[in-house]
Amino acid sequence: MPSLAMVSSCLLGMALALPALAADPPICADGAAPSPTMFAPRSIPAQKILDVSWFVWGICGLIFIVMAALMIWCIVKYRQKPGDDTEAPQVYGSNPIELAWTIIPTVIVFVLFLVSARTIFEIDHTSPPPDSLEITVVGHQWWWEFDYPEQGFVTANELHVPLTRDGKSVPIYLTLESNDVIHSFWVPQLAGKTDVVPNRINHLWLQPTMTGTYVGQCAEYCGTQHANMLITVVVHEEEDFNAWVANQQADAVNDPSVASGRNLFLQTSCINCHRIRGTVANGTFAPDLTHLMSRSVIGSGVVANTPENLSTWVYDPQIIKPGCRMPSMKLSPEEVKDVVSYLLTLK
Amino acid sequence: MTTLPQPGHADGQGAFRAPFLSRMHEWIATADHKKLGVMYVTTGLIFFLIGGLEATMMRWQLAVPGNTILSPEDFNRLFTMHGTTMVFLVGMPILLGVANYFVPLQIGARDLAFPRLNAFGFWLFLFGGLLLYFSYFGAQGLYGMGSAPDVGWFAYAPLTERTYSRGHSTDYWILGLLVSSFGSIATGINLITTILTMRCRGMTLMKMPLLVWLMLIDAILIMIAMPPLAAAQVMLLFDRLMGAHFFDPQGGGSAVLWQNLFWFFGHPEVYILILPAFAYVSEIIPVFCRKVIFGYPLMVAATVSIGFISLGVWVHHMFALGLSPMVNTIFMGSTFLIAIPTGIKMFNWVGTMFGGKIRFDTPMLFSTGFLAMFLIGGLTGVMLATVPFDWQVSDSYFVVGHFHYVLFGGLVFSIFAAIYYWFPKVTGKMLSEKLGKCQFWLLFIGFNLTFGPMHVSGMLGMPRRIYTYHADRGWELWNMLSSIGVLIQIAGVLFFAWNVFRSLRSGKDAGADPWDAWTLEWSTTSPPPEYNFEEEPVVHSRRPLWDLKHPEDPDWKYE
Ligand SMILES: [Cu+2]
């Protein structure tokens with residue numbers, strides 16, 4: 001049955017070609033690939049991972065080709081001829097051959113081990129690299145809190161980091177904590193994933209090499225809205241980052257033209273869950289809204305941060321993110337309009 | 001109620017058909033290893049259809065981005081039930097069933113050592129499975145708090161704690177698996193005892209067929225791996241029902257502890273599932289290549305070392321957990337190590353094919369499919385063992401692709417090989433070769449179309465267990481391909497169902513030895529009588545029937 005050989009070699013070849021297919025994603029002007037692919041690393045650890053991965057793929061690919069060729073050879077060559085019903089010559093084994101195919105894989109595996117071990121120790125930093133920017137990431141069901149202790153503010157869902165500090169490339173050292181269940185922080189273009197585990201402190205090192213907006217998401221199943229626990233990371237030039245920090249450090253603007261919405265917000269239970277710095281809203285259960293409008297997305301990335309989406313969200317978040325931990329606040333359409341016009345001023 | 005085999009039934013085949021109720025009673029009350037084997041495999045296949053249906057619904061939802069066929073809750077239940085079903089209610093019973101049926105036959109024994117324990121094990125498994133599925137109806141708990149479990153098949157704490165998983169669905173998950181894993185442990189003990197004490201005269205350990213060797217190691221792994229799971233589940237039950245805090249970080253418990261306990265079971269479990277696959281193809285490949293297995297002693301050695309090493313690799317499921325680089329490195333090493341004996345097995349199978357006279361009947365076709373798919377699954381496994389690469393793709397669709405190549409392309413393909421190979425022995429009827437070949441090609445193509453692209457979507461950043469995804473992430477094509485593949489696989493499974501149905505009704509008679517094979521089960525009638533062999537066989541080599549058929553050139557001269 002040559003068809004067996006042909007089809008299987010086609011399929012197997014296809015399997016081999018798959019990584020190659022994925023290897024060259026188009027790149028947006030700002031360095032971000034359109035998809036969170038590990039093939040377009042924009043950070044030192046992600047680059048190191050890709051390098052060692054190519055090495056492993058290469059070796060595995062070679063083994064695959066050799067084995068597949070052997071199998072196809074046997075399938076084609078040793079088919080029973082029609083009419084021949086004699087037995088094949090019985091070969092019980094061969095010590096030299098068997099020794100060879102015990103030793104060769106052992107050597108291959110040993111080389112793989114050494115190369116990967118080196119990369120592990122290069123990437124896995126148990127203490128912050130010198131001059132790094134430290135940020136604490138807290139996973140919540142189903143959004144992210146980002147805490148900048150050096151700069152003294154807390155924000156949510158959009159991580160902003162600088163490309164350089166004082167003109168030099170700056171390592172970002174994330175401390176990962178969870179408020180509830182296990183999550184996992186994964187932005188493939190910047191680094192491998194690291195789990196975010198309650199009652200345990202983990203760390204992750206990033207060192208971006210290009211500005212841009214990178215996406216990723218929670219990679220450990222964490223309940224109903226696991227799928228929409230997305231991550232956005234913005235890598236800025238130094239000046240832009242400093243400007244962003246300065247804005248985040250300020251208290252919320254107090255625009256008198258939206259006083260009614262503001263009062264409504266402060267009088268409803270929004271304040272039990274959300275914080276708006278500079279007001280009595282002091283909750284820590286939910287994303288900090290002090291500078292809500294500086295973010296491009298809401299609901300940790302489930303939709304863009306537009307006035308329409310905000311209105312829907314404030315009316316009933318369960319429409320946008322069913323199962324999420326913010327209940328419908330049962331506001332009337334007018335109240336929603338008021339509150340949203342207030343939120344829209346939180347630049 | 002007596003569970004002892006009733007005399008006078010075995011010889012009545014065909015002559016007289018007992019009324020339905022008494023036939024039912026015979027099956028329910030049986031302690032015969034062959035009947036239990038058939039019941040295990042049949043139940044396993046039924047659960048396979050259910051698990052497959054669950055997978056189909058998930059692929060339907062994921063075919064296009066932002067699909068709304070399923071709610072997030074339903075989707076989460078589906079993947080939990082799919083994983084749990086396929087591992088515990090499909091893989092386990094089928095492997096235990098085949099072992100039940102063929103281990104005694106291959107070692108020339110009358111039954112397993114403890115027939116009634118065997119029956120007990122089956123019923124525990126079945127009711128465990130039913131209990132799990134009853135959660136769909138009975139686990140309502142608080143209003144809206146869910147029916148079937150939705151915590152994933154490895155049920156990571158603290159998501160399983162009462163705070164995050166209200167209602168009783170997780171309790172059903174715990175109890176269902178607990179019950180059925182006791183059944184597996186019982187059968188494990190049974191197999192070990194049988195293999196060690198009930199071999200026929202002349203069958204030393206090194207003259208056992210490879211299937212028996214592999215099932216021996218498998219049963220030992222079951223005995224070592226299942227109890228930690230049971231213990232962990234009881235602890236979790238304490239947490240949930242009695243307010244203990246083993247896995248509750250807010251009460252000082254540890255989420256990491258659950259992962260250690262679970263994977264200390266979970267990784268050997270993977271080998272518990274794949275060793276039987278090795279067992280089936282190790283029997284089938286030599287027969288259809290008309291050649292003795294290449295390097296039997298090395299195959300045995302590889303099996304034993306796989307068993308050992310598999311107990312020391314569990315942390316490779318936890319590389320992203322943030323353990324120290326040293327721990328990760330050590331477990332990367334042990335995981336690489338297991339590739340060596342596994343590679344040896346691949347080489348020896350191909351070595352058996354080399355120089356043979358290969359007949360591509362359906363069992364061999366599926367075995368060849370197994371070799372190809374397991375080769376890919378094994379190599380992606382080596383990739384995943386590389387910690388840095390694993391940091392990228394662990395918990396992504398790459399992993400989903402990998403373990404389906406191992407468990408579907410590996411285990412399920414070999415199960416179909418085994419079914420086509422032994423169906424004639426069990427029923428006395430041949431399955432249709434033509435339908436079998438159609439089934440193989442549909443499954444083979446559909447399988448690769450479904451699971452090949454998953455490797456790509458994983459490397460493009462798609463995590464597993466998400467019920468929806470945005471259109472802008474570059475995953476549409478790969479997901480669409482995966483979903484189309486499912487349709488082709490369904491067609492393949494339908495061919496199989498039709499084939500079984502048809503051949504039970506009007507299949508060709510098989511005779512005792514349709515494949516011209518060499519192990520003892522083929523020396524008795526098809527189906528074998530209740531007492532298996534008229535007189536206890538005596539063997540002189542690993543292939544007793546070869547010796548009979550080739551008195552001029554018997555095996556024992558060379559072993
Ligand atoms: Cu999460």
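Contact means heavy atoms within 4.5 Å. All views show a predicted model, in which local features need pLDDT of at least 70, side-chain atom pairs count only at pLDDT 80 or more, and totals for chains, interfaces and linings use all residues. Residues are numbered from 1 along each chain as its sequence is written, chains are lettered from A and ligands numbered from 1 in the order in which they are written, and side-chain values use heavy atoms, with hydrogens and water left out.

View 1. B:C289 is found in helix 7 (residues 255-289) of chain B; helices (H or I, at least four residues) and strands (E, at least two) are DSSP runs, numbered from the N terminus. With 0% relative accessibility, B:C289 counts as buried (buried means under 20% relative accessible area, exposed over 50%, partly exposed in between; 1.4 Å probe, protein chains only). Neighbours within four places in sequence aside, B:C289 is in contact with A:A88 of chain A and with B:T352, B:M353, B:G356, B:K357, B:I358 and B:M364 of chain B. A separation of 34 Å lies between the C-alpha atoms of B:C289 and B:S482, which are 193 residues apart along the chain.

**View 2. Crossing of helix 7 and helix 10 of chain B.** The axes of helix 7 and helix 10 (residues 362-385) of chain B come within 9 Å and cross at roughly 130 degrees; axes are lines fitted to C-alpha atoms, for helices over the stretch in contact, and angles run from 0 to 180 degrees between N-to-C directions. The two helices of chain B, helix 7 and helix 10, are therefore oblique to each other (angles under 35 degrees count as roughly parallel, over 145 as roughly antiparallel, 65 to 115 as roughly perpendicular and the rest as oblique). Residues making the contact include B:F278, B:F288 and B:C289 of helix 7 and B:M364, B:F370 and B:F374 of helix 10. By class, the residues of this contact between helix 7 and helix 10 of chain B are 13 nonpolar, one polar and no charged (Ala, Val, Leu, Ile, Met, Phe, Trp, Tyr, Cys and Pro count as nonpolar, Asp, Glu, Lys and Arg as charged, and the others, Gly among them, as polar).

**View 3. Packing of helix 8 and helix 9 of chain B.** Helix 8 (residues 296-309) and helix 9 (residues 325-353) of chain B have axes that come within 9 Å and cross at roughly 155 degrees. Helix 8 and helix 9 of chain B are therefore roughly antiparallel to each other. Among the residues in the contact are B:L298, B:M299 and B:I306 of helix 8 and B:P341, B:K345 and B:W349 of helix 9. The contact of helix 8 with helix 9 of chain B comprises 10 nonpolar, five polar and one charged residues.

View 4. Five strands of chain A form an open sheet in the order 3-2-1-7-10, with mixed pairing (two strands pair if DSSP finds at least two bridges between them). Strand 3 and strand 10 (202-206) stand at the edges, each with a single partner strand, so one side of each is left without a neighbour in the sheet. From one strand to the next, the twist averages 25 degrees. Strand 2 (residues 143-148) and strand 3 (residues 153-156) of chain A run antiparallel and are joined by four bridges, and A:D147 has A:V154 in strand 3 as its bridge partner.
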